[in-house]
Amino acid sequence: MKAVLDHVGIAVKDLALALAFYRDALGLEIDAPEEVSSQRVRAHFIPVGESKLELLEATASDSAIAKYVEKRGPGLHHITLRVDDIHAALAQLKSRGAKLIDEQPRAGAEGALIAFIHPAATHGVLVELKQAVSPQPSALSPDTAVRRYAVGDLELVSVCDGLIRLDGGSMFGTVPKALWEKKTPPDARNRIAMAMRPLIVRGARTMIIDAGVGDKEDAKFLETFGVDRARSLDVTMAEAGISPEAIDIVLATHLHSDHAGGFTYRDAAGRIRPRFPKAQYIVRRGEWEDATHTNARTRAGYLADNYLPLAEAGVLQLVDDDATIMPGVKVRRTGGHTMHHQMVLIESKGKTAAYVADMMPTMAHAADAWISGFDLYPMETLTAKQQFAKEAMGQDTLVFFPHDPAVIAGHIKEQNGTRIVQPAS
Ligand SMILES: [Zn+2]
Ligand SMILES: [Zn+2]
């Protein structure tokens with residue numbers, strides 16, 4: 001078993017006095033307190049390197065912390081060891097006859113699984129085991145999986161194809177984990193949950209931009225990438241009242257499997273077909289060339305079943321340059337993520353919106369230095385992002401982030417010299 005010291009819990013009787021020591025005398029920084037109402041305690045975390053101190057303050061006289069302080073005085077209450085697999089850890093302890101307080105893991109703070117080992121087994125220290133679990137973003141609840149926006153005469157409908165989990169380190173490139181994990185806590189396998197949010201544009205015609213990961217992949221793929229399609233594109237489009245037959249144009253920002261997987265489906269006879277029966281599929285020629293001529297670095301991102309059948313079915317249309325795809329909707333090459341990755345710019349009656357795709361996959365990626373490690377040409381991403389951010393601020397553009405688990409769209413702003421995103425309501 002591999003375990004990491006997650007935190008040391010200290011029961012305090014007088015929080016003001018405790019802060020006078022840990023915060024003022026030692027000069028440590030204290031996180032905002034967290035209320036654990038079920039335990040009737042308030043927890044104040046103090047980061048110390050890879051671990052934390054946790055000052056525990058009772059909020060009611062019948063809380064376990066109040067009783068502990070009353071009986072034994074303030075002091076060391078427990079230590080918490082973080083493990084990858086809490087079920088396996090408990091099974092191992094049980095097989096050795098160790099006395100446990102919790103035979104089965106239970107839910108702790110932030111969606112973690114926890115279990116306490118009895119001090120009789122640990123030579124007098126209360127030991128908590130913890131397995132961090134990626135939180136299920138509430139953003140994918142029915143009320144936020146589908147959302148409508150008006151941009152001039154155009155209606156934009158954000159739909160989703162569920163969640164995918166990718167390595168957090170890869171998603172944030174050179175940004176240290178200590179920074180990104182605060183915004184996006186990883187699961188026990190260091191993966192972060194990312195939404196897949198295609199965007200439907202209704203105007204002169206009905207267009208869908210990207211289509212999620214789709215449902216052709218096998219169990220191994222689903223397990224590796226923690227795919228959760230409980231709220232799939234089928235489900236969310238039905239909720240939005242838009243049938244696959246209503247789609248005239250499918251526009252690809254690029255052909256990675258988390259964007260193009262939903263372009264095709266496998267029919268009952270096992271044949272792979274275009275998923276939107278009446279649509280023309282529009283792909284940038286350079287991206288098509290790269291997706292059909294992969295190399296060791298790019299291969300894992302492209303799955304031919306997502307796009308080759310489009311050419312065979314005669315519904316593929318390749319575009320060479322930045323072009324208007326339908327009135328009010330045009331594409332612009334950003335490069336960066338892939339050589340021919342493109343974003344989509346939407347404009348009607350002086351109002352603007354943009355689907356930035358993997359140039360800024362989540363809100364956190366709006367900042368200059370937050371560039372995904374998957375990007376093939378990160379310096380191009382930087383240039384494209386800077387140029388776009390300037391434009392978006394000037395025009396108050398509504399920006400859609402395809403992978404943000406919590407925020408569908410927002411406005412880019414500058415605050416005290418840093419770029420931030422103000423979520424749109
Ligand atoms: Zn991509
Ligand atoms: Zn992506």
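## Helix 3

Ala88, Ala91 and Ser95 are exposed on one side of helix 3. Exposed means that 12 or fewer other C-beta atoms, placed from the backbone, lie within 10 Å of a residue's own; buried means 20 or more, and partly exposed is in between. Helices (H or I, at least four residues) and strands (E, at least two) are DSSP runs, numbered from the N terminus.

Which residues of helix 3 are buried? In this helix, residues 86-95, they are Ile86, Ala89 and Leu90. They sit on the same side of helix 3 because they cover an arc of only 95 degrees around the axis. The arc is taken from the directions from the helix axis to the C-beta atoms. Their cover includes strand 5 (75-83), strand 7 (113-117) and strand 8 (127-131). Just after helix 3, glycine 97 has a positive phi of about 75 degrees.

## The model

This is a predicted model: local features need pLDDT of at least 70, side-chain atom pairs count only at pLDDT 80 or more, and totals for chains, interfaces and linings use all residues. Residues are numbered from 1 along each chain as its sequence is written, while chains are lettered from A and ligands numbered from 1 in the order in which they are written.

The protein has twelve helices and 26 strands. Of its 425 residues, 42% are buried. An automatic or database assignment sets the domain bounds: domain 1 is 3-131 and domain 2 is 138-423. Their centres, taken over C-alpha atoms, are 41 Å apart.

Definitions and conventions
Contact = placed C-beta atoms within 7 Å.
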